[in-house]
Amino acid sequence: MNIVEAKVIVTCPDRNFVTLKLITDDGLTGVGDATLNGRELAVASYLRDHVCPLLIGRDASRIEDTWQYLHKGAYWRRGPVTMTAVAAVDTALWDIKGKAAGMPVYQLIGGRSRDAVTVYGHANGATVPEALEQVGSLLDEGYRAVRVQAGVPGLEKVYGVPAGHAPYEPAVAGDRPEEATWSTAKYLNFVPSLFAAVRERFGHDFHLLHDAHHRLTPIEAARLGRAAEPYGLFWLEDPISEELQEGFRLIRQHTTTPIAVGEVYNSIWDCHQLITEQLIDYIRMDVVHGGGITHLRRVFDLADLYHVRTGSHGATDLSPVCLAAALHVDVAVPNFGIQEYMPHTETTNAVFPHSYRFADGLLYPSEEPGLGVDIDEEAAAEYPYRQAYLPVNRLEDGSMHDW
Ligand code: GCO
Ligand code: MG
């Protein structure tokens, strides 16, 4: 079962995606998501120029060895570009192994630990009444968990809140990032009232989540965590920038609001201290940015030892290939917490035919051999790459701040 072809496919069906497709000499194919939002072509080149040539002739069944070969063999280890490229190879190899075995991938990694995957949906309103309306619609659709974000009075653009009623999509096409202005004081004065309004209208019988998107200092995050305690958040996500793991100790000393972190992490070494010191409650690493199924399982196993549960990132910049893979991991690991779910557009779904399905607040992984997702290369070719950047954020005095 040797690899005979490795293709990198860049397409923009409403947004940019990079996909690796591997083909073996016995005609099996496997796909892996390689999308790094706003820096897509760096991963495409890493794969095309440096990794694909090494894959030709390799035994596709040697998943762990290939992971180690690309990780150790690069010498320059870790980092989002490298780990996203390695993830794409790893994911495609698991897809091939599943097809060769005639089994869905979750069967190869331990089998089901649960019937289905609980997901959280997104309620994003320019105002509190708009956010409440969206929480209501998601609950009506059967969601059991909702992340709520709303415009902050006095700030023009805020993370998570789309212009108009479009689904939220932070990467904006163009040759420069959009700029937004941020005030932590305005946000902290406002956001507890959003949680209060949600609980007052809809009660406590569903999980409520919120993303602070890396913008606070530890003591500000501690203040928000405390203020949120009466509203019983399922989690407060990314309260501070993620580089300094010991920075989370301060938050922990002050609040019982659960903390979720990890969408920008790409290796176990980014979060081992957070996990072993029990400074977080949910680890949000995902298949595409976390080194693939092989490495993500290693992270999740470490997390399990320390009572940390999973809560993988699942925004629309992670392609249906990544979501399909995530669901196999989610349904198998013992310490699953929750999965983020933002439905892709119809155009994206048409380029990536898949057989996972959503019903009643739950996602069900594919039962087909492999991952149960593919890329329609002809359809993909109709949507050429468009330059797009994630926004940047400045404080009101013009200083660069975390976005
Ligand atoms: C989330 C994330 C996303 C990221 C996006 C960046 O919680 O879903 O914060 O909204 O900002 O995935 O590409
Ligand atoms: Mg987030």
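Predicted model: local features only at pLDDT ≥ 70, side-chain atom pairs only at ≥ 80, totals over all residues.
Residues are numbered from 1 along each chain as its sequence is written, and chains are lettered from A and ligands numbered from 1 in the order in which they are written.

The protein chain is assigned domain 1 (3-104) and domain 2 (108-368), with bounds taken from an automatic or database domain assignment. A distance of 26 Å separates the C-alpha centres of domain 1 and domain 2. Contact between them involves 30 residues of domain 1 and 31 residues of domain 2 (two residues are in contact if their C-beta atoms, placed from the backbone, lie within 7 Å). On the side of domain 1 that touches domain 2, two or more residues each come from strand S2 (17-24), strand S3 (29-33), helix H2 (63-73) and helix H3 (80-101); helices (H or I, at least four residues) and strands (E, at least two) are DSSP runs, numbered from the N terminus. H3 gives the largest share of this side, eleven residues. The side comprises 13 nonpolar, ten polar and seven charged residues, where Ala, Val, Leu, Ile, Met, Phe, Trp, Tyr, Cys and Pro count as nonpolar, Asp, Glu, Lys and Arg as charged, and the others, Gly among them, as polar.

Ligand 1 is surrounded by Asn37, Pro170, Asp211, His213, Glu263, His313, Ala315, Asp317, Glu340 and Leu390, each with its C-beta atom, placed from the backbone, within 6 Å of the ligand. Three of these shell residues are nonpolar, three polar and four charged.

An open sheet of mixed pairing is formed by three strands in the order S7-S17-S18, pairing being defined by at least two DSSP bridges between two strands. Strands S7 (179-182) and S18 (400-401) are at the edges with a single partner strand each, so one side of each lacks a neighbour in the sheet. Strand S17 (residues 392-395) runs antiparallel to S18 and is joined to it by two bridges. Arg394 lies opposite Met400 in S18.

Two residues other than glycine have positive phi values: Arg78, at about 65°, and His214, near 70°. Arg78 lies in the loop between H2 and H3 and counts as partly exposed because 17 C-beta neighbours lie inside 10 Å. His214 lies in the loop between strand S8 (207-211) and helix H7 (218-228) and is buried, with 20 other C-beta atoms within 10 Å. Burial requires 20 or more other C-beta atoms, placed from the backbone, within 10 Å of the residue's own; 12 or fewer define an exposed residue, and values in between a partly exposed one.
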